[in-house]
Amino acid sequence: MAFPELSEDEIAQIISLTTPQDACNMSAVSRHFKSIADSDSVWTKFLPSDCENLIPHISPKKSLYRHLCDHPVPINGRNVSLSLDKKSGQKCFTLGARDLTIAWGDNQNYWEWIATPESRFNEVAQLRSVWWFHIIGRIETSMLSSGTNYAAYLVYRFNGHRQGFDRPVKSHVCIGSEELDEGRSVTLDPREGEPRAVRERAHGWMEIEMGEFYNENGDDGTLVCSLREVVEYKRGLVVEGIELRPMY
Amino acid sequence: MATSRKVTLLSSDGESFEVEQSVAVESITIKDSIEEGSAGNPIPVPKVNSKILAKVIEYCKKHVESAKAEDRVDDEDLVAWDADFVKVDQATLFDLIRAANFLNIKSLLDLTCQTVADMIKGKTPEEKRKTFTIRNDFTPEEEEEVRRENQWAFE
């Protein structure tokens, strides 16, 4: 017996055990394999189970997968968007600034909320000035993909008046309280010549890695991602949100 | 139920295999027909020839024995045994997939399908064709169109 002689179900099962890229390559092998490799039987398995029916009018499932990779989708009731990591189908989340807990965020003396076309969210948080800088993002581990190594990133930029972020800020990515975790130091605006862990993103934003977390089964409770620095006088930061995505 | 009860399986090419019932019922298909009382004696196994049936029985025997073993370290040995078990030519591998599907032996189906999946992973379309001797029946224009359609997955 040869590969093409297996039943369509058997071939679909085999392809679904490979990767989205491999399935796309299988489409180019022959006409018979294309129809199976493009089928919903395969692509339903690549989609997270809670995303299968996220956008009912997009069909087939392969198109839905592609759409979710390139077009983050808002989650009901929260300023949070969901997308898929293209290579693996694992879920990525961006917690918009309005979803975060920002100390003094409600006080216009310290923080403003502005709309900007460069963000997928209605509003981003702009720092006027503050000493007590403390931002927390929370997400239930049950929402994340299991068996996945995640990294959290602050997505931000500066406006013209930045100050105080050339000093390190304490960052935590952990379950439960920040106090239980050692954390790391990150510098959002390193001076010239200093090591630079900041990366450029689209639309003028930057990101810096806050920490990592391995999500085994999604039953660890709430993941807490925080940044904190309460000594230096700070100005000029604009926060779009905190993004969680799989790392390799 | 007597644990040492034996049943006889008859391959599609007329060969008989006497096995412990506990081994035979690894196949849900056989288990169901025994429980329904509709299995003859010997139990015919159409679509599965003697060579493949012998392999399937070997697999089931090993897995039934391992499940009884006291020593949990055997899990790693079983994984290694499974890896050796599927080191067969492609034709046999696909025959095993068919047999595992027909006989409804989930763990064997998972193992054999994963083995083929691992042979597919990471290869270009041309390499995939070569590995499985699949004929390319696209016209050059069709093939180019398919590649363009799927470019997004690699960006």
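**Sheets, helix packing and an interchain aromatic pair**

In chain B of this predicted model, three strands form an open sheet of mixed pairing in the order β2-β1-β3. Strands are DSSP runs of E of at least two residues and helices are runs of H or I of at least four, numbered from the N terminus; two strands pair if DSSP finds at least two bridges between them. Residues are numbered from 1 along each chain as its sequence is written, while chains are lettered from A and ligands numbered from 1 in the order in which they are written. Local features need pLDDT of at least 70, side-chain atom pairs count only at pLDDT 80 or more, and totals for chains, interfaces and linings use all residues, with side-chain values based on heavy atoms and with hydrogens and water left out.

Strand β1 (residues 6–10) of chain B pairs with β3(B) in the parallel sense over two bridges. Within this pairing, B:I43 of β3(B) is the bridge partner of B:L9. Helix α3 (residues 50–68) of chain B lies across β1 and β2 of chain B and runs at about 10 degrees to β2(B). Axes are lines fitted to C-alpha atoms, for helices over the stretch in contact, and angles run from 0 to 180 degrees between N-to-C directions.

α3(B) also packs against helix α5 (residues 90–103) of chain B, at an angle of about 70 degrees and with the axes 10 Å apart. The two helices, α3(B) and α5(B), are therefore roughly perpendicular (65 to 115 degrees; under 35 counts as roughly parallel, over 145 as roughly antiparallel and the rest as oblique). Their crossing is right-handed, that is, the near helix is turned clockwise from the far one by less than a right angle, anticlockwise being left-handed. In α3(B), B:K51, B:I52, B:K55 and B:V56 meet B:T92, B:D95, B:L96, B:A99 and B:L103 of α5(B), contact meaning heavy atoms within 4.5 Å. By class, this contact of α3(B) with α5(B) has five nonpolar, one polar and three charged residues (Ala, Val, Leu, Ile, Met, Phe, Trp, Tyr, Cys and Pro count as nonpolar, Asp, Glu, Lys and Arg as charged, and the others, Gly among them, as polar).

A further helix pair in chain B consists of α6 (residues 106–120) and α7 (residues 125–132), packed at an angle of about 135 degrees with their axes 10 Å apart. α6(B) is therefore oblique to α7(B). B:V116, B:M119 and B:I120 of α6(B) make the contact with B:K128, B:T131 and B:F132 of α7(B). Four nonpolar residues, one polar and one charged make up the contact of α6(B) with α7(B).

Chain A contains an open sheet of five strands with antiparallel pairing, in the order β4-β7-β13-β9-β10. Its edge strands, β4 (101–102) and β10 (184–186) of chain A, each pair on one side only. Strands β9 (residues 169–175) and β13 (residues 222–229) of chain A run antiparallel and are joined by six bridges. A:L227 in β13(A) stands opposite A:S171.

Two backbone features lie in loops of chain A. A cis peptide bond, with omega of about -5 degrees, joins A:S59 and A:P60; A:P60 is found in the loop between α4 and α5 (61–70) of chain A. A:H203, although not a glycine, has a positive phi of about 60 degrees, and lies in the loop between β11 (199–200) and β12 (206–215) of chain A.

Over all chains, 17 aromatic pairs are counted, rings of Phe, Tyr and Trp (its six-membered ring) being paired if their centres lie within 6.5 Å, with planes under 30 degrees apart counted as stacked, over 60 as edge-to-face and the rest as tilted. A:W43 and B:W152 form a tilted pair, 6.2 Å centre to centre with 50 degrees between the planes. This pair crosses between chains, from helix α4 (residues 40–46) of chain A, which holds A:W43, to the segment after α8 (140–149) of chain B, which holds B:W152.
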